[in-house]
Amino acid sequence: MSFVELAKQYQKELITLRRDFHKFPEIGFEVENTAEKIYHYLSQIPLEVKKNVGKTGVDADLIVQNATKTIALRADMDALPIQELTDVPYKSTVEGKAHLCGHDAHMAILLVTAKILGQLKDELKVNVRFIFQPSEEVWPGGAPGMIEEGVLDSVDEIYALHVWPTLNVGEIGICDGPAMAQADGFSIKITGKGGHAAIPCRSINPIYVGCSVIDALQKIVSQTIPSEHEAVLTVTQMLSGTCYNAIPEHCVINGTVRTFCSKDQQMIKEKMSEIIKGSEIATKAKITLDYLEGYPVTFNHCEQAKNLADLLKKTIGPKNIIYPAKRALFGEDFAYYLQKTKGAFLQLGCKNSQFESSPMLHDPYFTIDEDCLVTGVSLWLELISES
């Protein structure tokens, strides 16, 4: 029996687990109920299980006699502070929170993987550490705390997967080198002069200033960064005002910068500072920039990425393995694990055939084709059994 066929035997359980996580999302480090479900499930398997790791994380060890090394597999647990707009029967029951990045799928896949590997323990040659991490979505992320508490101790390699809506179910993408971008954030505070909306000449309208700043920001990448480098600056929030007939005193602009090299990152920061200084002179508003360097580049180790691609080409089929895959400007705190230990981050095809253009991650309509759950389990089984 192939590992795909074996994983299919657990398809109903995979779907049930994923939908339960989906209905009851938790965000950040506040994933106590999610962690308790995971701890209970893992405790039924012959594993050494620990909870409250890195605040609210869970890890578990499958100890194999005469193991040659230890491989870690990681799943993230947290949802997003976004209102889900799908009409699926298992949609989020929590207002303003939803699993719109697929972490519900990641958890289900890793739980069933642990269950099956527990049954195959006598056939394995490596120890396996299962890591369930909180707060991937919110900087500074849950990874640093879990690393600090020892989840990488004695680990030789680490891997993670992420559902990928641009790939079909059954397809797996593996990048060689950079897989995800440096993910920074910024906040620009503009202080003008408030007043009556009917007499704008006596005020300094921070909204007008903010609009001109945003317009200038949107030109930085196209005019500064070579297109082949890949970078993006995106404004995601503009906060100002309390009523329609008064000019506010303040305006706040928030957003993100994504880059793959430090030179591009520094160049964008410098251009942002130049724009702010110029706008201050031109408008007489006071403008400050708070730039936050977030998750580093998620860098796949080339040997591990190639070895995994070669293995999966043999077992799953060369047509379904995309190597090297196209990197993405998303951010991932899995980057911190890869700075400490060799490994790779995988793209798991989950494109939902119900949509002509499958909604992307963080979209309020995001959903997956649940057949991808079987693929996820089977690829982990292949990796561990052949290591």
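Me: What makes the length of helix α8 agree with that of a helix?
Reply: Helices here are DSSP runs of H or I with at least four residues, strands are E runs of at least two, and both are numbered from the N terminus. The expected span is 1.5 Å times one less than the number of residues. For the 22 residues of α8 (262-283) that gives 32 Å, and the end C-alpha atoms are 32 Å apart, so the two agree. Bear in mind that this is a predicted model, where local features need pLDDT of at least 70, side-chain atom pairs count only at pLDDT 80 or more, and totals for chains, interfaces and linings use all residues. Residues are numbered from 1 along each chain as its sequence is written, and side-chain values use heavy atoms, leaving out hydrogens and water.

Me: Which residues of α8 are called buried, and how do you know that they share a side?
Reply: Buried means under 20% relative accessible area, exposed over 50%, and partly exposed in between, with a 1.4 Å probe and protein chains only. Asp264, Gln265, Ile268, Met272, Ile275, Ile276 and Ser279 are buried. They cover an arc (from the directions of the helix axis to the C-beta atoms) of only 115°, which puts them on the same side of α8. Ser262, Lys263, Lys277 and Ile281, on the other side, are exposed.

Me: What do the buried residues of α8 pack against?
Reply: Taking contact as heavy atoms within 4.5 Å, their partners include β8 (182-191), α6 (206-217) and β13 (286-295).

Me: What makes β1 and β15 edge strands?
Reply: Strands pair if DSSP finds at least two bridges between them. In the open sheet β1-β2-β4-β3-β5-β16-β6-β15, β1 (48-53) and β15 (321-322) each pair on one side only.
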